[in-house]
Amino acid sequence: MTAPLPTLERLPRGALTLFRIRALLRLGMYGAVAFGVALALSYSGVEHWPFLLPCAVVLGLSVLTAWYPQRAHERWGWALREHDLVISHGVLLHQVVSIPAGRIQHVDVHQGPIERSLGLARLQIFTAAGSGADGEIPGLARETADALREKLVRREADDVV
């Protein structure tokens, strides 16, 4: 029998805007690639049907762009408990990650240009076991990300002493 999830903190409303902007950027990038492939096929002598490919790609991605960011925003959550940090996310595949406080090596706060313009930040948690970030929480208010980083770093220092 599995233990129930703790009450999770949710991402701020600005994170939904961040997710939508990222989805629109992906739509533009994949749409441009699809049109490039269709153009290359048309110059190679293939009939006019290849232009259906980018239309289908852009239509499918448009539907995902409208639906996915809202669902992703609803699914992201985190909880700082006494001995661990729980991160829950995922639209199609739901993931719940528990990072024990004693395993945390360091915590970073990052802001890209879009996040900076929205006043948001991404918190990354690194443990001894991983070669990359073992946990990440995108779309946090910058103040929340900084405060959470300080709490996690303070716990790490307390565990070492």
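Trainee: Which strands form the open sheet, and in what order?
Mentor: The open sheet has 4 strands in the order β1-β2-β3-β4, with antiparallel pairing. Strands here are DSSP runs of E with at least two residues, helices are runs of H or I with at least four, and both are numbered from the N terminus. Two strands pair if DSSP finds at least two bridges between them. Please note that this is a predicted model: local features need pLDDT of at least 70 and side-chain atom pairs pLDDT 80 or more, while totals for chains, interfaces and linings use all residues. Residues are numbered from 1 along each chain as its sequence is written, and side-chain values use heavy atoms, leaving out hydrogens and water.

Trainee: How many bridges pair β1 with β2?
Mentor: Strand β1 (residues 9-10) and strand β2 (residues 77-80) pair over 2 bridges, in the antiparallel sense. E9 stands opposite W78, and R10 has G77 as its bridge partner.

Trainee: And what joins β2 to β3?
Mentor: There are 4 bridges between β2 and β3 (residues 84-89), and the two strands run antiparallel. L80 stands opposite L85.

Trainee: New topic: which residues does the "transmembrane region" annotation cover?
Mentor: The unreviewed UniProt entry places it at residues 23-43 and 49-68. Such positions are given in the numbering used here, feature names are shortened, and annotations may be inferred rather than shown by experiment. In the model, residues 23-43 are 100% helix and 0% strand, with the end C-alpha atoms 30 Å apart.

Trainee: What about the nonpolar core; which residues touch the most other members?
Mentor: In the largest core, which has 23 residues, they are L123, I125, I137, L140 and L152. A nonpolar core is a set of buried Ala, Val, Leu, Ile, Met, Phe, Trp, Tyr and Cys residues joined through side-chain atoms within 4.5 Å; buried means under 20% relative accessible area, exposed over 50%, and partly exposed in between (1.4 Å probe, protein chains only).

Trainee: Which element gives the largest share?
Mentor: That is β6, with 4 residues. Among the other elements giving two or more residues to this core are α1 (13-43) and α4 (142-160).

Trainee: What does I125 touch?
Mentor: Its contacts (heavy atoms within 4.5 Å) include L85, I99, V107 and L152, not counting residues up to four places away in sequence.
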